[in-house]
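Visitor: Please take a close look at a single part of this model. I would like the surroundings of one residue first, and then the meeting of two chains.

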There are 4 protein chains.
Amino acid sequence: MRKLIVISLLLTVIAIPGFGQRKIVNLPDIPGYVTLKCDFHMHTIFSDGSVWPTYRLAEALKDGLDAIAITDHIVIAPKKGYVPVDLNAAWKLTETAAKESNIILVHGAEISRKMPPGHLNALFITDAEALQKDSVWDVIEEAAKQGGFIQWDHPGWKAQQPDGIPRMYDIHKRLLDKGWINGIEFFNSDEYYPLVFTFCEQYNLALMGNSDIHAIISEKYTAPNYTNRPMTLVFAKEKTAESLKEAMFAGRTMVYFRDMLVGREKYAKQFFDKCISIGKPFYENNENIYFEVTNKSDLPFYLTNGVSGAPESITLASNSVTRVVLSKKIKTQLVYDVKNVLIGEKKVLKVELKY
Amino acid sequence: MRKLIVISLLLTVIAIPGFGQRKIVNLPDIPGYVTLKCDFHMHTIFSDGSVWPTYRLAEALKDGLDAIAITDHIVIAPKKGYVPVDLNAAWKLTETAAKESNIILVHGAEISRKMPPGHLNALFITDAEALQKDSVWDVIEEAAKQGGFIQWDHPGWKAQQPDGIPRMYDIHKRLLDKGWINGIEFFNSDEYYPLVFTFCEQYNLALMGNSDIHAIISEKYTAPNYTNRPMTLVFAKEKTAESLKEAMFAGRTMVYFRDMLVGREKYAKQFFDKCISIGKPFYENNENIYFEVTNKSDLPFYLTNGVSGAPESITLASNSVTRVVLSKKIKTQLVYDVKNVLIGEKKVLKVELKY
Amino acid sequence: MRKLIVISLLLTVIAIPGFGQRKIVNLPDIPGYVTLKCDFHMHTIFSDGSVWPTYRLAEALKDGLDAIAITDHIVIAPKKGYVPVDLNAAWKLTETAAKESNIILVHGAEISRKMPPGHLNALFITDAEALQKDSVWDVIEEAAKQGGFIQWDHPGWKAQQPDGIPRMYDIHKRLLDKGWINGIEFFNSDEYYPLVFTFCEQYNLALMGNSDIHAIISEKYTAPNYTNRPMTLVFAKEKTAESLKEAMFAGRTMVYFRDMLVGREKYAKQFFDKCISIGKPFYENNENIYFEVTNKSDLPFYLTNGVSGAPESITLASNSVTRVVLSKKIKTQLVYDVKNVLIGEKKVLKVELKY
Amino acid sequence: MRKLIVISLLLTVIAIPGFGQRKIVNLPDIPGYVTLKCDFHMHTIFSDGSVWPTYRLAEALKDGLDAIAITDHIVIAPKKGYVPVDLNAAWKLTETAAKESNIILVHGAEISRKMPPGHLNALFITDAEALQKDSVWDVIEEAAKQGGFIQWDHPGWKAQQPDGIPRMYDIHKRLLDKGWINGIEFFNSDEYYPLVFTFCEQYNLALMGNSDIHAIISEKYTAPNYTNRPMTLVFAKEKTAESLKEAMFAGRTMVYFRDMLVGREKYAKQFFDKCISIGKPFYENNENIYFEVTNKSDLPFYLTNGVSGAPESITLASNSVTRVVLSKKIKTQLVYDVKNVLIGEKKVLKVELKY
């Protein structure tokens, strides 16, 4: 038996998850909804990506995602000399493995045109080959006819907008009139476009955040610069493809990347409240009271602009407990800006710490 | 505002906890008790350690501990040419900071004699200087008189037992008769002594696991070889010094180090059940059903000796979700040995996965 | 200017090599030869691998390799429903990029048959499509006719040899008579076959060590378990394809994986001598002299079985300086076994430390 | 023997240097001099530090330093209720261990006064207790009399200069007239003071860079934010205390921290040239030629402001080989600014890449 123990100690201490194991992403559900962690933009060798479709699934599983869409480009087919074009290939090759992995696979494709209208992902479609049409308008109409959710991709991508500023062209407005744009990427790859928040408010669209990965997730989004790929957090009634789709059309999303969380105030507020818990004071002396704030999430929160007398700023590190020392003279509410939680293009979440 | 976001992105992505921040140790409470993470054996420059006492507190806070004892050696005083002997110094220097840090500071000292009886820690005492006596019997009597919990330290330490096997000498038995040994170290530094489990069963004592650190915790217990220092997990009614002491005298402890968890079956079973949750099957086909097992704890579990037809072994990596694929032909219970959870000197925990 | 400095400090401290940057692998040349770091066994989506061929090149560059062979399987073509079979595709797709990356690209293919003869890599061939023949003998003859170097792959692979022990079958001996087996894998993926050393000695063949990677190098060979992929070290007259081939046919190789280095004594001895330098004593007192041993390589050396009075064992950690303290009474030579440098199936390198 | 190999593979792959092992710091010697890696500012429990003096030596050894000074504060003695003041204690306690570790131990103390003159380290003194005098002038005179090298510490420390800008007061100028200030800290802890470069040029002083560590080096200067503590690089004729002292009085120093290297042009130029080697072109096509630049040092170099047609900027990552692709049309010299090598308060090194 002593030997048994020895064997146990000789095992690699850090058991590395194998295939079939997913990381727990510490992001809470909000009241009434499960929070689905999603990436709706990625490529494979069936367009200009570097990997076989099933590999995208293995990556998603490892990263703890609930849903993905593989969205190979329509038209952009640099490998067609070796790989015949088949825009449904990725879907067919991963459908069963996705079910076996408890990942919702969203059938998708990327409509890739010059700006305007630029690139748009058609999500929840049924046949990507049917999107091979000359007119972009016809393509989008077909996607909509299939029940597709249309996501405007990286609207400030410098290859199409050299100044990095997204612009609404006439065709975008006409598509919006038809209900044929349903979300816009705020995060794409390692970029973000603040103005997208205003567009989403104006037209009542879902904020989207995706990796647009072409090579290898683990080699791109790696410490120390990254803790995770960009994700769309979808607040769905349950973890099913139908609920996911309903939630997206209803605009119940936030987007998450690095140490930023971005979304409408009502979701941001509920989300923050579920991440944070505040203990009763554990100690006091003549001058101060002491209490602890627990942040159970993977996201740090940078609290700034504290009221006079309270700490000017507090960093609630991810998965940590932070002690707060407060002068007994402070009688006002402990209100802070959360610098890294955006609830508008130019607005950050305000919170109160109640101990 | 765009600028504000830029600033946010330029912050170090991984917010490193500062002083006043503690790591969350993902080890669950069990029904009726809070699980206090403790280290009852450490040294400072007031005996043969390398650091000032307050540093031990900073380390404990960072590691997410709930209680510590600083236990400088009585008699062993290699620095006395520069630092006058004061066995209560560490206590006096850290008492207030411990209160301000929400850490229970246990007043302690290490009685350091040749084997037998070897080294013993006196915990929950009130005056370590009063333990400066010639006869070890007198010292222990004084410690007991002060209400002390007596822990037999590293009984298989090779400097005192060259074969590494702990031995009960006559003096130990006489001390046990008096009730003056209350716990024994199963883990000390990077050693462990399986026989200690049997001793603790025979005499109804608390299993103890401590670092006995002399230098720097973060430099010794470092990845990839270590995920944490050795800890005593105490199941206390609440997080107070009194409850902690009551629980230790009642033997409600487990010990935790690397990927091993060791303790009595009733605690081990409840602990495992709180770490693990098993989802409903999320998929099935003609041959198999698929379900997920979530391990929310920092401890992996190595399940082995599965019933015929089921997976022979399953590794439930820490903070991960593991998919289990099961043949529909399997009708028996899914019973496993948990190889790294010891419930006796030669016995591992048995568990059933109910999906 | 102050601002300029600020900008500099805000840059990521650890500049991560981009495409076009290669890691320096600290493994020395030996007298008369450059040491080429090579991997002659890898797969892409053109057989059963997960990535596009150019990605293998990017991985090799990052890992600091000098030469690679992409060796997709002949016959094993699970993706042929989507990707037409073209055994020269990987070569054609990477040839120019290899030249631009200063990596020698060796044209190869894996002949994949049942045991015997099992799998064999044909390296330095000119047309892999010409190896599409029914008889394995005809295939190997064709490879030899093209000037190919024939490497017997993973001879103890458990899928083909359930006990893990390589066996010479009659067909292997007949191939050897023709000169049509030129090297054997000692390391493959995360396995090794000690008996291969004896085979290589008997038949005067090159020891080979390769990754046989199907998925992603950086996800498989990752710390803490791995520091590098398996490599064949080839001692070539210069870094050209011709010199590489000449050296391999001449058997001038060693193999390297994790903390093991394996090869013929003459190369191992020269290699060790180039890794290690021993300083003059920097201090002495009445009892001891003190000197330092510098290991400039990425490989640690575990010295054991020291002479009586000298340190019993010394670990020369990679890229480190180790202090040796020696009793002045020791008058014998400081001879050690180097436990992790094998110069035969059951033999380790012996070295002397001369200070 | 198979077993032996198994044992070898089960060893921790990354052999962690033990006590007596030092990291190799990859910073080259320059022609005529050895480059000594030094830290001349650190504290122990004999003033306001957290550790015992020998621990500073262990840290220095691990970090690969050649020389250190332990410089406990004169007057600042917060621990004197427990530890009697003895300003020579650290020296006495570490002198022999330093010799046995091949580290030059410089006897030092920190003269700690209000600004002006602020704090000054007396280095190479013989008796720190003799510096216990009322008048700071008398203290410095005594230090000078002992042969001391006087280093002005952190002249822009915000506790003494709230705007962070160093100022020369009258007393500094009078000390300079006497030759009693010999160097100034450009780097201290995690701060730097650009103006110090100008002071050092005006008065012909040595640039200094030190940690001023009070707690634990490995916990403060840790990845991802830091690769190393601040260091003074001294260009000495040989590795002896006498040569070190001679070099410092002669001003032959550079300072190194994070990704910054700062010092006089002649040293910076020679240093860069020893870090970098440029290979012959390994490939060319109709448009471009390709060559590799090897950076054998631990310091990255950020090359910027390239001539028209050449790459605008090149990052030579530490310990890496960088490929440069150059249009054949470029006929001018490849001249770059090295953004992170400062040769003046507002001046960066200019280099030419000759291939």
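Guide: Apart from neighbours within four places in sequence, C:Pro311 is in contact with C:Gly306, C:Val324, C:Val325, C:Leu326 and C:Tyr336, contact meaning heavy atoms within 4.5 Å. The model is predicted: local features need pLDDT of at least 70, side-chain atom pairs count only at pLDDT 80 or more, and totals for chains, interfaces and linings use all residues. Residues are numbered from 1 along each chain as its sequence is written, chains are lettered from A in the order in which they are written, and side-chain values use heavy atoms, with hydrogens and water left out.

C:Pro311 lies in the loop between strand S17 (301-304) and strand S18 (314-316) of chain C; strands are DSSP runs of E, at least two residues, numbered from the N terminus. C:Pro311 has a relative accessible area of 23% and is therefore partly exposed, a class between buried (under 20%) and exposed (over 50%), with a 1.4 Å probe and protein chains only.

Now the two chains. In chain A, 21 residues are in contact with 21 residues of chain C. Together chain A and chain C bury about 1,900 Å², 66% of it on carbon and sulfur atoms; buried area is the accessible area (1.4 Å probe) that two parts lose on being put together, summed over both. On the chain A side, A:Trp52, A:Tyr82 and A:Glu219 lose the most area to chain C, together 35% of what that side buries.

Two salt bridges are counted between chain A and chain C, each a side-chain nitrogen of Lys or Arg within 4 Å of a carboxyl oxygen of Asp or Glu. One of them joins the side chains of C:Glu219 and A:Lys62 (3.4 Å, N to O).

Definitions and conventions: Helices (H or I, at least four residues) and strands (E, at least two) are DSSP runs, numbered from the N terminus.
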